[in-house]
Amino acid sequence: MTEVSVAKNDVAATDELVVLKSVNKHFGALHVLQDIDLTIARGEVVVVIGPSGSGKSTLCRTINRLETIDSGTISIDGKPLPQEGKALARLRADVGMVFQSFNLFAHKTVLENVTLGQIKVRKADRKQAEEKARGLLDRVGVAAQADKYPAQLSGGQQQRVAIARALAMDPKVMLFDEPTSALDPEMINEVLEVMQQLARDGMTMIVVTHEMGFARSAANRVVFMADGRIVEEAAPDQFFSNPRSDRAKDFLSKILHH
Ligand SMILES: Nc1ncnc2c1ncn2[C@@H]1O[C@H](COP(=O)(O)OP(=O)(O)OP(=O)(O)O)[C@@H](O)[C@H]1O
Ligand SMILES: [Mg+2]
C-alpha cells in the first residue's frame with residue numbers, strides 16, 4: 001500500500017554521524033538497553049523494528065538525551081553528548097524528534113509552532129523565522145493551515161506540522177518514533193510521503209515504524225531489536241526475505257500475516 005519505488009541515496013560508510021558504543025541503560029532492575037553498538041552514516045536511513053518493550057523508544061530518547069545512559073558513549077557528528085546546560089540544548093537541537101503523539105503547542109498557531117524554536121534556540125529573527133516556517137509548511141503540504149491552531153487540523157496535518165517544526169531547527173539527524181501509528185489509515189500515506197521525500201533529499205533518519213512498505217522503499221538498513229539488544233541488522237530486502245535469527249523470523253511472521 002505504501003510501496004513507493006525510489007532510488008536510495010548512496011551513503012559513504014566512512015562518514016559517521018551518530019555513533020553509539022556499548023550503550024547500557026537500566027530502569028531499575030530492567031536492563032532496557034544492552035551493549036548497543038550502532039553507527040549511522042550521514043544521509044543514511046535506518047528503520048528500527050522489534051516487539052513492544054524491546055527498547056526502541058528508549059534508544060531514540062537516549063540519542064537526543066531525553067534519557068540518560070548508564071554506560072557507553074553516544075556522539076553526534078563527532079561530539080559526545082554533553083551532560084547538561086547550553087551545550088546540551090544546542091546538541092539536542094541538532095537532533096529533530098517526531099513522536100507518535102504530535103506534541104504541538106496547543107495554544108500556539110501552526111506558524112508559531114514552527115517559528116518558536118528558531119527564535120528561542122537558534123536566535124533567528126522573527127521575520128526570517130516566519131519566512132522559513134512558511135517554506136517548510138509548504139514543503140510538507142500544509143501551507144494553507146499556517147494560522148490555524150493544532151486542534152483545527154487532522155492528525156496527518158498535525159504530524160506534518162510536527163515534522164516541519166523539527167526541520168526548522170536544521171537538524172543533522174531526524175528521529176521518528178512511530179510517527180504514523182496514532183493516525184487513521186487514510187492519513188498514514190501523506191505522512192510517509194513527506195518522510196520519503198526527506199529521505200530522498202538526503203536527510204539522515206532513524207525511524208521506528210512497523211510500516212514495512214516504508215522500510216523496504218526508503219531504508220538503507222533495518223535494525224531489529226529484541227529484549228534491549230540489537231539482534232540483527234541488514235539491508236531491508238535481505239532482512240524481510242531472509243531473516244537470520246529466530247526472534248526476527250517470529251516477529252516478521254506475526255506482523256506480516258495479520
Ligand atoms: N521511564 C520508564 N521507567 C521505567 N520503565 C520504562 C520507562 N520507559 C520505558 N520503560 C520500560 O522499558 C522497556 C522498553 O520500553 P520502550 O518504550 O523503549 O519499548 P518500545 O520498543 O518502544 O516498545 P513499543 O513498541 O511498545 O513502543 C519496557 O519494558 C518499558 O516498560
Ligand atoms: Mg516505543
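1. Helices (H or I, at least four residues) and strands (E, at least two) are DSSP runs that are numbered from the N terminus. In the loop between β4 and β5 sits D77, a residue that has a positive phi of about 50° although it is not a glycine. D77 is partly exposed, with 15 other C-beta atoms within 10 Å; for these terms, a residue is buried if 20 or more other C-beta atoms lie within 10 Å of its own, exposed if 12 or fewer, and partly exposed in between, with C-beta atoms placed from the backbone.

2. This is a predicted model, in which local features need pLDDT of at least 70 and side-chain atom pairs count only at pLDDT 80 or more, while totals for chains, interfaces and linings use all residues. Residues are numbered from 1 along each chain as its sequence is written, and chains are lettered from A and ligands numbered from 1 in the order in which they are written.

3. The domain assignment, which is automatic or comes from a database, divides the protein into domain 1 (1-94 + 173-258) and domain 2 (105-170). Taken over C-alpha atoms, the centres of domain 1 and domain 2 are 25 Å apart. Domain 1 brings 11 residues to the contact and domain 2 also brings 11 residues, where two residues are in contact if their C-beta atoms, placed from the backbone, lie within 7 Å.

4. On the side of domain 1 that touches domain 2, α2 (85-93) and α6 (185-200) each supply at least two residues, and the largest share, four residues, comes from α6. By class, that side of domain 1 holds nine nonpolar, no polar and two charged residues; here Ala, Val, Leu, Ile, Met, Phe, Trp, Tyr, Cys and Pro count as nonpolar, Asp, Glu, Lys and Arg as charged, and the others, Gly among them, as polar.

5. Four strands form an open sheet with antiparallel pairing, in the order β2-β1-β4-β5; two strands pair if DSSP finds at least two bridges between them. Because β2 and β5 (79-80) stand at the edges with a single partner strand each, one side of each is left without a neighbour in the sheet. Strand β1 (residues 16-27) and β2 run antiparallel and are joined by eight bridges, and V18 has I40 in β2 as its bridge partner.

6. Strand β2 also contains D35, which has a positive phi of about 50° although it is not a glycine. Most residues other than glycine have a negative phi. D35 is partly exposed, with 15 other C-beta atoms within 10 Å.

7. Helix α1 lies across β1, β2 and β4 (71-76) and runs at about 60° to β2, the angle being taken from 0 to 180 degrees between N-to-C directions of axes that are lines fitted to C-alpha atoms, for helices over the stretch in contact. Seven of the eight residues of α1 are buried, namely K56, S57, T58, L59, C60, T62 and I63. Just after α1, R65 takes a positive phi of about 65°.

8. Around ligand 1 are F27, L30, V32, G50, S52, G53, S54, G55, K56, S57 and T58, each counted as near if its C-beta atom, placed from the backbone, lies within 6 Å of the ligand. The elements that give two or more residues to this shell are β2 (30-41) and α1 (56-63), and α1 gives the most, with three residues. The shell has three nonpolar, seven polar and one charged residues.
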